[in-house]
Amino acid sequence: MTAKLVMMVMTAVGLAAATPSWGLQLTETELYFELNDSAGDLGIHSSIDGGPYVKLEIEDPWDRTILWMGANGRLARQGMTQFFLESAEPNFSQLSPAAFFKRFPEGKYEIGATDRDGNEVEATVELSHVLAARPGHITAAGVPAVNCDAPVLPVIAAPIEIDWDPVSRSHPTIGKSGPVEIDRYQLFVEVEGVKFGIDLTPEMTEFDIPEEVLEIGGRVKFEIIARTSTGNNTAVESCFVLE
């Protein structure tokens with residue numbers, strides 16, 4: 001995939017997110033699970049945009065409040081517009097997948113916002129226990145990927161293309177089995193504290209790490225996320241050392 005096309009993909013994603021807002025509304029209401037299949041942990045995330053509001057609430061399928069937040073004083077007069085939540089992610093030895101999913105059941109969750117005049121707006125989000133399988137047969141410049149805690153990391157020379165197999169099924173052991181449609185892949189690369197990330201279409205399962213990132217040298221950590229059409233993420237991490 002050429003760099004020009006990648007830039008077009010990034011531009012298209014950015015344009016889709018640029019939605020003007022006037023008055024109280026919710027322009028983005030995401031609630032989803034994220035599985036780190038390399039580390040063995042699960043978390044629940046939320047991304048909410050809109051406003052301006054002074055109160056924000058999330059209710060589960062049984063109308064039980066799982067999140068309530070409000071602004072006071074000067075912040076209430078100003079109003080809030082964007083909120084991102086990432087829960088703690090204890091590993092499976094501390095909280096098993098079965099216990100996690102019991103804590104956050106499938107179904108319709110209500111996200112509600114209230115402005116300073118008492119006006120309210122609500123949105124319904126469907127939370128699913130179907131997670132994508134981890135991206136498989138991952139390679140970096142043709143070298144099979146290894147976990148970051150491996151005793152010896154492969155030493156790889158630039159240029160480096162990250163490649164993986166398309167994901168077409170649900171996770172074999174975590175969550176529920178069911179149909180999976182990949183909405184997009186995300187690739188994140190970190191080299192000595194410098195981070196790079198990009199969204200890729202479902203057809204793009206390879207990407208060349210930019211030369212500017214690799215020029216830093218040292219240990220490289222990269223993460224591939226398979227995001228389903230229901231919003232759930234399955235992530236896998238790998239590391240190598242630049243030659």
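Mentor: Let us begin with Glu-190, which belongs to strand S12. Helices (H or I, at least four residues) and strands (E, at least two) are DSSP runs numbered from the N terminus. The model is predicted, so local features need a pLDDT of at least 70 and side-chain atom pairs count only at pLDDT 80 or more, while totals for chains, interfaces and linings use all residues. Residues are numbered from 1 along each chain as its sequence is written, and side-chain values use heavy atoms, with hydrogens and water left out.

Trainee: Why does Glu-190 count as partly exposed?

Mentor: The relative accessibility of Glu-190 is 30%. Buried means under 20% relative accessible area and exposed means over 50%, with partly exposed in between (1.4 Å probe, protein chains only).

Trainee: Is Ser-47 buried or exposed, and what makes it so?

Mentor: Ser-47, in strand S2 (residues 41-53), has a relative accessible area of 12%. That value is under the 20% limit, so Ser-47 is buried.

Trainee: What joins the side chains of Ser-47 and Glu-28?

Mentor: A polar contact of 2.4 Å joins them. The term requires a pair of N or O atoms within 3.5 Å; within protein, one must be able to donate a hydrogen and the other to accept it, and residues adjacent in sequence count only if both atoms are side-chain atoms. Residues up to four places away aside, Ser-47 touches Glu-28 and also Thr-29, Glu-30, Phe-83 and Phe-84.

Trainee: What makes S9 and S14 edge strands of their sheet?

Mentor: That open sheet has 4 strands in the order S9-S8-S11-S14, paired antiparallel. Strand S9 (143-144) and strand S14 (206-208) each have a single partner strand, so one side of each lacks a neighbour in the sheet. Two strands pair if DSSP finds at least two bridges between them. Strand S8 (residues 139-140) and S9 are joined by 2 bridges, so they meet that requirement. Ala-140 stands opposite Val-143 in S9.

Trainee: How many bridges join S6 to S7?

Mentor: There are 8 bridges, and the two strands run antiparallel. Gly-107 faces Leu-127 in S7. The hairpin of S6 and S7 has 5 residues between the strands, and there Gly-118 takes a positive phi near 90°. On the S3 side, 5 bridges join strand S3 (residues 55-59) to strand S6 (residues 107-114), with Ile-58 opposite Ile-111.

Trainee: In what order do the strands of that sheet stand?

Mentor: The order is S4-S3-S6-S7, in an open antiparallel sheet. Strand S4 (65-70) and strand S7 (120-127) are the edges, each pairing on one side only.

Trainee: How do you know that S6 is mostly covered?

Mentor: Of its 8 residues, 6 are buried. For the protein chain, buried residues make up 43% of 243.

Trainee: Which residues touch the most other members of the largest nonpolar core?

Mentor: They are Ile-160, Ile-162, Val-189, Phe-222 and Phe-240, in a core of 31 residues. A nonpolar core is a set of buried Ala, Val, Leu, Ile, Met, Phe, Trp, Tyr and Cys residues joined through side-chain atoms within 4.5 Å. S12 gives this core its largest share, 5 residues. Apart from this core lies another, of 28 residues, including Leu-35, Tyr-53, Phe-101 and Phe-104.

Trainee: How many helices and strands does the protein chain have?

Mentor: The chain has 4 helices and 16 strands, and its C-alpha trace spans about 60 × 40 × 30 Å along the principal axes. Among contacts between residues at least 6 apart in sequence, 66% join residues at least 24 apart.

Key:
Contact = heavy atoms within 4.5 Å.
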